[in-house]
Amino acid sequence: MTTDVLLIEDEPSIAEAVRFILAREGWRCEQWPEGSGALDRIRALSPRMVILDLMLPGRSGAEVLAELRADPGFATLPVLLLTARGTANLPPGADRILPKPFANADLRAVVRELLATA
């Protein structure tokens, strides 16, 4: 079974909410709780897109994103970056950025848009 979205998020309440929102739309979502091992998880699942938190334990979302974009096999994988820091001074490479807290409708719209390009 294909994984539509790999959610890399360490906050359990946010991860649960995102997974619930995506599941209601019929998308299959897997979750990984830290930056360490995230790239191995992406390689193992080959998701259609990644939702990546910026602040993660182990390795930051910025580090994961930079390494992901450096890998030719995943250079064009759609990435939605979630951040509670605001949108100034964000790392390059994300297809879209969604500040926390976000509206459910905004999350659904961005995921729908990115999956359409995957």
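Visitor: Is the crossing of H1 and H4 left-handed or right-handed?
Guide: Both are helices, which here are DSSP runs of H or I with at least four residues, while strands are runs of E with at least two, numbered from the N terminus. A crossing is left-handed if the near helix is turned anticlockwise from the far one by less than a right angle, and right-handed if clockwise. By that rule, H1 and H4 cross in a way that is right-handed.

Visitor: Good to know! What kind of model is this, and which atoms do side-chain values use?
Guide: This is a predicted model, where local features need pLDDT of at least 70, side-chain atom pairs count only at pLDDT 80 or more, and totals for chains, interfaces and linings use all residues.

Visitor: How far apart are the axes of H1 and H4?
Guide: Axes are lines fitted to C-alpha atoms, for helices over the stretch in contact, with angles from 0 to 180 degrees between N-to-C directions. H1 and H4 pack at an angle of about 60 degrees, and their axes are separated by 10 Å.

Visitor: Why does H1 count as oblique to H4?
Guide: Angles under 35 degrees count as roughly parallel, over 145 as roughly antiparallel, 65 to 115 as roughly perpendicular and the rest as oblique. The packing angle is about 60 degrees, which makes the pair oblique.

Visitor: Which residues of H4 meet H1?
Guide: Contact means heavy atoms within 4.5 Å. On the H1 side, Val 18, Ile 21 and Leu 22 take part. Their partners in H4 are Asn 104, Leu 107, Arg 108 and Val 111.

Visitor: Which residues of H4 are buried?
Guide: Buried means under 20% relative accessible area, exposed over 50%, and partly exposed in between (1.4 Å probe, protein chains only). On the face of H4 turned away from its buried side, Ala 116 and Thr 117 are exposed. The buried residues are Leu 107, Val 110, Val 111, Leu 114 and Leu 115.

Visitor: Within what arc do those buried residues of H4 fall?
Guide: The arc is that of the directions from the helix axis to the C-beta atoms. The buried residues line one face of H4, because seen down the axis they fall within 130 degrees.

Methods
Residues numbered from 1 in each chain as written. Heavy atoms only, no water.
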